[in-house]
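Open the model in your viewer and keep the selection tool at hand. This tour goes from stop to stop and says what to select at each one.

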Amino acid sequence: MSFDTLLARLIQNTNNLSLVLFLPELTLCATIVVLLLVRLCNLDRIIRPVGVCLVGGLIALAMAGQEFYDLSAGIQPATPIFTGLLAYDPFTVFFRLFLITFLILVTALTALSGIPDLEDGPDFYTLLFGATIGMLLMASANNLLILFLGVEMASVPSYAMVGFLKGRKQSSEASLKFVVYGAGAAGVMLYGVSLLAGLLGTANFTEMALRITQLVGAHGMSDPTVRTVLFGILMVLVGLAFKLSIVPFHFWCPDAFEGAAAEVAGYLSVASKAAAFALLVRFCRAIVGDHVGELANLNYALGIGLGLVAALTATFGNLAAYSQTNVKRLLAYSTIAHAGYMLMAVAAMMVILNGPKAANVEVAFNVSRAIEGLLYYLCVYLFMNLGAFGVVALIRNEILSEQIEDYNGLASQAPRYCLCMAVCLFSLIGLPPFGGFFAKWAVFSSLLQAGYVNKIMWVVLVIGGVNTVFSLFFYVRVLKAMYLTPRPEGARRAEDALPAGAYAVIIALPVLLLGIGVSPVWRMAGTAAAAIFQWPHADSVAQLPHGM
Amino acid sequence: MNSDAMLLSAIIFVPTIGAIILALCFNKKDVEPMRYFALGATIVTFILTIFLFRNFLAAPPDSGMLPASAGQSGIKLPWIANWNINYQLGYDGISLPLVLLTSFISMLAMMASWSITKQVKGYLVLFLILETGMLGVFLALDFFLFYVFWEVMLLPMYFLIGIWGGPRKEYAAIKFFLYTLAGGVLMLIAILMFYFNSGSPQGNVPNTFDIIELSKIGQGLVKGVQFTPTVQITAFILLFIGFAIKVPSVPFHTWLPDAHVEAPTPISMILAGVLLKMGGYGILRIAFPICPYGAQYAAYALAVIGTVSIIYGAFAAMAQTDFKRLVAYSSVSHMGYVILGIAVWQISASTGAAIGKNYWLMGMNGAMFQMLAHGVSSAGMFFMVGVIYDRVHHRDLNQFGGLMGLMPLYSGLAVGIFFAGLGLPGLCGFIGEIFVVLSTWNYSPLLAIIAASGVILTAGYILWAIQRVYLGAEYRGPHREAITPINGRETAVAFTLLAFAILLGVYPGFMLNVMHGSMEQLATSLDTGYQHVAHTVSTAQAMLQR
């Protein structure tokens, strides 16, 4: 085959397939360009930047919605696009829907809360949209290269957004911390990526597991090459753990969130975490592969390790949140704790998938359910965390404070904000009838099933349960301030005027609806999870012997 | 959907609809119309439960089977299909009396809510949501749904105690919240255990949350699926702790004095009158039927816990100087009879069959009746304490006296209700206690003697309280000028409660007849269920030995 034909094929493939399936991302890119052009032409007095963003976001969302509708008709194999750099499947599209919806909601929030001002608008939204495109790449990554590029593309704008409140010292400090930690993690991750790519001779996710198996088969487990590969996997996971703010890679999170504007903190807490979980699932799938045999024990150990780390993270987050006096910092630790809960689902998946087969645990079904639980958790988490951070931002505009003690008695003056906060916090605790309950329920049930494979997962489950009870303390402190304590004399008056007040209610409503009408979103999560786990031989995988 | 199904849904959601209308359509300033509207919602709910009662009397389900399982009435709609979670409601002779009690006490508590003057709108909305939660618990037949309603109750309760409560309201509210949530998490783990063990490995029996179905599995009536003894014992202990917190039994009772004392009067009425019954109901409806083996395994421990609660609660009540705290501890004591009455399940060591099953049945009937009686009498006692507290703003037992002369009507009604709590023959408290103590004799004479001596202690603290508050020459406390005769609304509430205390005492058959069929069926199915499971266990052991 001559170079010309190869090139012609590549162009044809890119134009006819890849670019078409990449349209939502392209729309977001176009939005950025329009945004900058509008300012260049001095039109930003007439057309508000936030308007451009909302329009662009909505168009992208509509495209993603159409894609999801088309895909959910039947289970189809993943389509590799851009010569296999990205995977296009319901999982990808699910996260497109998720992230773009979230992007629109955050943009609306910033329009209401007034950060950024008109002058800075295009800058801020460029960063916001750019980061989101990076996250979309993370969610569809099918190659180590994209894994790294996606993470960096999401991170770099995030650093700038954290430091966006330029005048504030605290904000710059937060940004600096974030950059230093982020750069360190990125370095480790890049090193891991290069080790893996170099030793395995491929960067493609679909081939990784096979190559590792071959290496192990040829040299045995104790061979230095194999160990280096394992080390590389571990380094990539460290990079992801940084993005997920998993203990012990969480240090940046409270500082960055406290220094950043609440809108940005809310954005990072949801979007970057969701994208990182998507990537983690994809990476796990890559190292599990279709040839479970020799790798099973390794991945099994990895699953148990993830479970323990998850339990540690949830416990640490909840304990540390207890003593906080700043609401954003409290929510930052709560974010860490929730990353722990969600990681439990991934751990359960790995254990069930790779562990010895337990009598009453059907592998394919439970693995898929663990991922569905994770996705459902993320959906609820989107609204409840955005609601909490959004209310913090809106209240900040009223009373110019983010300290819990300054929230005293707010319920009498800003009932809508407080109601939204109450709904979100109860959901974060995991109480029915709010969505957070069903999300936690799904994760815990996966853990229980995983416990039949390895009893350690039951320990993790119990730790998760204890954490749920414990988390009550600090969430309720905020509510206690808002509802039970009277508003002190002379405190700044807060009001929840209509657009912002309505926004708070609109964000809180899905939190309740996701707890009552579970099925529609659960079905969507099911479609997405099925895409990841339609192994060619789902059943035969489960029946392979695991002696090694 | 048949008419009963509509009726059941209406009973649960009429208060919620009322709350939504209240929240959206009323101005914060229109306090009086809002109160009447909320009262109207509770009255409508009460009337609907009366319809339910009428339906039950018109066509009593055969042998007390749950109507939903017999397919006559009740409702079962898919809710979360992927998990086989259903919106499933139904009622029988066990839940119906408690449903009636709930709507009745809610109505009276709403009448007592005129004493609330702060943020009335929020109060009424939360009150109505609370009522939905309570009714939902008693009518749900899907364990998941049950749990949702169980927890739904928590949120309004936290705010009702926390915002409208007494001086230490914040502490009391969080303590209540924490205890119940901890119990809830234990229950959640048990639910998960049941769910995942209820499907057969071959996959031809789907996993389920259906309480009736789970009970059948627990009693060994479903082929191919069973809850092993280990599962039963573990799950029973988890469930029992969860429910015992609510009952509350010693040693899980410490939230109760705080919550009851700090809560505003109408909420204390609800707490004592209805919420505590959820624990007993949970044990009867869920813990025992699903885990008969675990229940029998733990029966003696339960009986001891019940007896200790009776005695401990009575002594603690005697030591109080706060009038409301005394009533709160009397609840601990009285609810001990409920646990004891359920637990007196004597089996023959060789066959596993119940010995003196009719005594046990009597104990369970007694426990159930005690729940109703205590619902009426303790709600009444809290109300009576509230009436005097509204006037003099203190509750110190040593600073009362002579109320009989100042408020004769009030004192007369109060003494009547306190006698009902004491268990005077002819009043409602007597029947439950005597049934339980008699049946305990069959189980363990020692426990029976101890439990019976609890009656003397009860008489001691109640008579002493009456003496200090109502008798005596003159009132010695502060705010003497504020003591005014009881008003019409208060009289209506107190009189209704006393009338029912007398009705239940004189004609207990009024409620016993309703519950008897279901209770008998429950006892029989538990008995055979235990024998089934025990038989499989002994067979398996024999196999191993061979």
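Start in chain B. Select B:Pro251, which sits in the loop between helix H10 (229–246) and helix H11 (255–262) of chain B. The peptide bond from B:Val250 to B:Pro251 is cis, and its omega is near 5°. Keep in mind that this is a predicted model.

Go over to chain A for another cis bond. Select A:Val247 and A:Pro248. The peptide bond that joins them is cis, with omega near 5°. A:Pro248 belongs to the loop between helix H9 (224–244) and H10 of chain A.

Stay with H10 of chain A. Select A:Asp255 and A:Arg329 and show their side chains. The two form a salt bridge, at 3.1 Å from N to O. A:Asp255 lies in helix H10 (residues 252–259) of chain A and A:Arg329 in helix H13 (residues 327–354) of chain A, so this pair ties together parts that are 74 residues apart in sequence. Over all chains, the structure holds 22 salt bridges.

Now follow H13 of chain A to its partner. Select H13(A) together with helix H14 (residues 363–399) of chain A. Their axes come within 8 Å and cross at roughly 170°. How do H13(A) and H14(A) run, roughly parallel or roughly antiparallel to each other? Angles over 145 degrees count as roughly antiparallel. H13(A) and H14(A) are therefore roughly antiparallel. By class, the contact of H13(A) with H14(A) has 22 nonpolar, four polar and one charged residues.

Select helix H2 (residues 23–40) of chain A and helix H3 (residues 49–71) of chain A; their axes cross at roughly 170° and come within 9 Å. H2(A) and H3(A) are therefore roughly antiparallel to each other as well. Colour the residues in contact. On H2(A) they include A:Leu23, A:Pro24, A:Leu28 and A:Val34. On H3(A), look for A:Val52, A:Gly56, A:Gly57 and A:Met63, among others. The contact of H2(A) with H3(A) has twelve nonpolar, four polar and one charged residues.

Next, pick out a loop. Select A:Phe82, in the loop between strand S1 (79–81) and strand S2 (86–88) of chain A. Phi of A:Phe82 is near 50°, a positive value in a residue other than glycine. Then select A:Thr83, which is also in the loop between S1 and S2 of chain A. A:Thr83 is not a glycine either, yet its phi is positive, at about 50°.

Return to chain B for a helix pair. Select helix H7 (residues 154–164) of chain B and helix H12 (residues 265–290) of chain B. They pack at an angle of about 145°, with their axes 11 Å apart. H7(B) brings B:Met157, B:Leu160 and B:Ile161 to the contact, and H12(B) brings B:Ile267, B:Ile270, B:Leu271 and B:Leu275.

Finish where the chains meet. Show chain A and chain B together. The contact takes 33 residues from chain A and 33 residues from chain B. About 3,200 Å² is buried between the two chains, and carbon and sulfur atoms give 78% of this area. Which residues of chain A lose the most area to chain B? Select A:Arg369, A:Trp441 and A:Leu484; together they account for 21% of what that side buries.

Now select A:Lys480 and B:Glu170. They form a salt bridge, with the closest N and O atoms 3.5 Å apart. Across the interface of chain A and chain B, the rule finds one salt bridge. The count of residue pairs in polar contact between the chains is four.

Last, colour helices H15 (415–429), H16 (435–453), H17 (456–484), H18 (498–516) and H19 (519–532) of chain A. These are the elements that give two or more residues to the side of chain A that touches chain B. By class, that side has 22 nonpolar, eight polar and three charged residues.

Key: Residues are numbered from 1 along each chain as its sequence is written. Chains are lettered from A and ligands numbered from 1 in the order in which they are written. This is a predicted model: local features need pLDDT of at least 70, side-chain atom pairs count only at pLDDT 80 or more; totals for chains, interfaces and linings use all residues. Side-chain values use heavy atoms; hydrogens and water are left out. Contact means heavy atoms within 4.5 Å. Buried area is the accessible area (1.4 Å probe) that two parts lose on being put together, summed over both. A salt bridge is a side-chain nitrogen of Lys or Arg within 4 Å of a carboxyl oxygen of Asp or Glu. A polar contact is a pair of N or O atoms within 3.5 Å; within protein, one must be able to donate a hydrogen and the other to accept it, and residues adjacent in sequence count only if both atoms are side-chain atoms. Helices (H or I, at least four residues) and strands (E, at least two) are DSSP runs, numbered from the N terminus. Ala, Val, Leu, Ile, Met, Phe, Trp, Tyr, Cys and Pro count as nonpolar, Asp, Glu, Lys and Arg as charged, and the others, Gly among them, as polar. Axes are lines fitted to C-alpha atoms, for helices over the stretch in contact, and angles run from 0 to 180 degrees between N-to-C directions. Angles under 35 degrees count as roughly parallel, over 145 as roughly antiparallel, 65 to 115 as roughly perpendicular and the rest as oblique.
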